[in-house]
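These are my notebook entries on the fold shown here. I looked up strand pairing, helix packing and the surroundings of single residues.

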Amino acid sequence: MKRAELLAAIARDAGISKAEADKALRSFTFHVTRAMKRGGRVSLVGFGVFTVVDRKARTVRNPQTGKEIKVPASRQPKFRPGLHFKRAVR
């Protein structure tokens, strides 16, 4: 499903215009992103949890050359699906 298809579905289900659905989707993504930037988590019961994971610096090996490469520490977004979401997908 592409963004336009998602917006049309949201607008149809909520009985609002596509422009209003677009505003709602933009607001949702903005606030989830802002919470994640701050290191927080966003929990949507039944759907899932968006969190931030801190990854330590590590050394890896290039399989083609065998040369060691240092990978710096980083913060990665993570999504853990909720039970209802998992069951629906199965």
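This is a predicted model: local features need pLDDT of at least 70, side-chain atom pairs count only at pLDDT 80 or more; totals for chains, interfaces and linings use all residues.

I first looked up Val49 and found that Val49 stands opposite Arg80 in strand 5. Residues are numbered from 1 along each chain as its sequence is written, and side-chain values use heavy atoms, with hydrogens and water left out.

I then followed the pairing of strand 2 (residues 48-55) with strand 5, which is antiparallel and runs over eight bridges. Strands pair here if DSSP finds at least two bridges between them. Helices (H or I, at least four residues) and strands (E, at least two) are DSSP runs, numbered from the N terminus.

I found an open sheet of three strands in the order 1-2-5, with antiparallel pairing. Strand 1 (42-44) and strand 5 (74-81) are the edge strands, each pairing on one side only. From one strand to the next, the twist averages 25°.

Which helix packs on the sheet? I noted helix 2 (residues 18-37), which touches strand 1, strand 2 and strand 5. Contact means heavy atoms within 4.5 Å. The direction of helix 2 makes about 35° with that of strand 2; axes are lines fitted to C-alpha atoms, for helices over the stretch in contact, and angles run from 0 to 180 degrees between N-to-C directions.

Is Thr51 buried or exposed? I located Thr51 in strand 2 and recorded it as buried, because its relative accessibility is 19%. The cut-offs are under 20% relative accessible area for buried and over 50% for exposed, with partly exposed in between (1.4 Å probe, protein chains only). Setting aside neighbours within four places in sequence, I listed Met36, Gly40, Arg41, Gln76, Pro77 and Lys78 as the contacts of Thr51.

I turned to helix 1 (residues 3-14), which has twelve residues. Helix 1 reaches 16 Å from its first C-alpha to its last, close to the 16 Å expected at 1.5 Å a residue; the expected span is 1.5 Å times one less than the number of residues. I noted Leu7, Ala9 and Ala11 as its buried residues, and these pack against helix 2. After helix 1 comes Gly15, with a positive phi near 70°.

How do helix 1 and helix 2 pack, and at what angle? I recorded an angle of about 110°, with the axes 8 Å apart. Helix 1 is therefore roughly perpendicular to helix 2, since 65 to 115 degrees counts as roughly perpendicular, under 35 as roughly parallel, over 145 as roughly antiparallel and the rest as oblique.

Val60 has Ile69 in strand 4 as its bridge partner. The hairpin of strand 3 and strand 4 has six residues between the strands, and there Gly66 takes a positive phi near 80°.

Last, I looked up Ala73, in the loop between strand 4 (68-71) and strand 5. I noted Ala73 as exposed, with a relative accessible area of 54%. Ala73 and Arg55 are 18 residues apart in sequence and 5.5 Å apart in space, C-alpha to C-alpha. Leaving aside neighbours within four places in sequence, Ala73 is in contact with Arg55, Lys56 and Ala57.
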